[in-house]
Amino acid sequence: MNNTGKKLSAPLRVYWDLAGATAGGLDETKSVAVARELASLKVFFAVLKLSHGPVSGLAGIIKALKEGGVRVTLSVSTPESFPGRDAVSLSDGLDLSPNDAQSLKYLINKVDAADMKEKGVSVSVVPEAGGAGLINEMFTIAADAGIRVFSLPNPDLVVGKGRERMFVLDDEDRALVKEAVEEVLKPLGDKARLFVHDLFLHRSIGLPSLAGLVEYAGCQAGDAIAYIDRTGVVYPCSSLPKPLGNLGVCTLKEIWSGMERADIRARIMETPKGDAGCAGCAELAVCKGGCRGLAFAVSGLDSRDPGCLGKRG
């Protein structure tokens, strides 16, 4: 089975690990130019990931995106990266995504102090093996602070290279995450919204008012999704660490129409084969091979999602 679909001339959603030049990022002029290109390509959504400290000219980057109709979310993972009020006011949402409870408390205090909650605040925690307790703690802190939008996103394997196995969940891990989520969010009822990016975890949680059934179209890396690292290297997705090109030497349009992207997308659309593939698996009709990025990082793009425990016959 192939994950076929309409060919896109540009990604619909771009995740950009934005950093200032002093932190190894693009300079301000180049960053604004990239933002203008994203806008000209009619990208729908841009998630600006802030984790390397202050970004000079952040408001100008957001403004360039917004002038082209791009919806902008600021995803903040470190206290020193918290944006100024001018940048937040231009954005469409603020996502808090630190790795520890203390940093989350600090970021929430910054939101409260600046009276930014009207912007729409969410909290994200990447699920890890053995990490259900952290999810429970972080979601509890957020819920107590009045936050009602929560996310369990896929891992950033460009930044997290070498830790791939930590993000492979088995049935026990998923059961513990379900328990952690239910304890905090179920009492909130339909006031809470939960976004779960991993298909198998999404289905395991199965809370109708929080994470009901969704139509899953297979891995969208290199098609509807793109990821830009802080140096300007473009990847199919933050979970698929295979470079497609560098914005320092070419445009996103050139990268998206290039052979590297066409090749990786064709491989993603193929059903994983061989001993580590999906042949005979009852899950294939639903998952279509699952997360190709995690498969690539753990054992190769021709392997199935390592989080899939479906029986093959």
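In this predicted model, the largest cavity holds about 150 Å³ of space. Its lining consists of 16 residues, and those closest to the cavity centre are Asn154, Pro155, Phe167, Leu169 and Asp198. By type, the lining residues of the largest cavity divide into 11 nonpolar, 2 polar and 3 charged. The count of cavities of 30 Å³ or more comes to 1.

The largest nonpolar core has 76 residues, and Leu96, Phe139 and Leu152 have the most contacts inside it. Helix α5 supplies the largest share of this core, with 7 residues. A second, separate core has 6 residues, among them Phe167, Val168, Cys291 and Val298. In soluble globular proteins, nonpolar side chains tend to be buried together.

Helix α5 can be followed in more detail. Buried residues in α5 are Ala132, Ile135, Asn136, Met138, Phe139, Ile141, Ala142 and Ala143. Residues three or four places apart on an α-helix point the same way, because there are 3.6 residues a turn. The cover over the buried residues of α5 includes the helices α4 (101-113) and α6 (171-185), together with β5 (121-124), β6 (149-152) and β7 (193-196).

Phe139 gives a residue-level view of this packing. Leaving aside residues up to four places away in sequence, Phe139 touches Val123, Val125, Phe150, Ser151, Leu152, Val181, Val184, Leu185 and Leu194. After α5 comes Gly146, with a positive phi near 90°.

Terms used: Residues are numbered from 1 along each chain as its sequence is written. This is a predicted model: local features need pLDDT of at least 70, side-chain atom pairs count only at pLDDT 80 or more; totals for chains, interfaces and linings use all residues. Side-chain values use heavy atoms; hydrogens and water are left out. Buried means under 20% relative accessible area, exposed over 50%, partly exposed in between (1.4 Å probe, protein chains only). Helices (H or I, at least four residues) and strands (E, at least two) are DSSP runs, numbered from the N terminus. Contact means heavy atoms within 4.5 Å. On a 1 Å grid over the protein atoms alone, a cavity is a set of points where a 1.4 Å probe fits but cannot get out, and a pocket is an open set with protein on both sides within 12 Å along at least five of seven lines; lining residues have an atom within 4 Å of a point. Grid points are joined across faces, edges and corners, and a volume is the space filled by probe spheres set on the points. Ala, Val, Leu, Ile, Met, Phe, Trp, Tyr, Cys and Pro count as nonpolar, Asp, Glu, Lys and Arg as charged, and the others, Gly among them, as polar. A nonpolar core is a set of buried Ala, Val, Leu, Ile, Met, Phe, Trp, Tyr and Cys residues joined through side-chain atoms within 4.5 Å.
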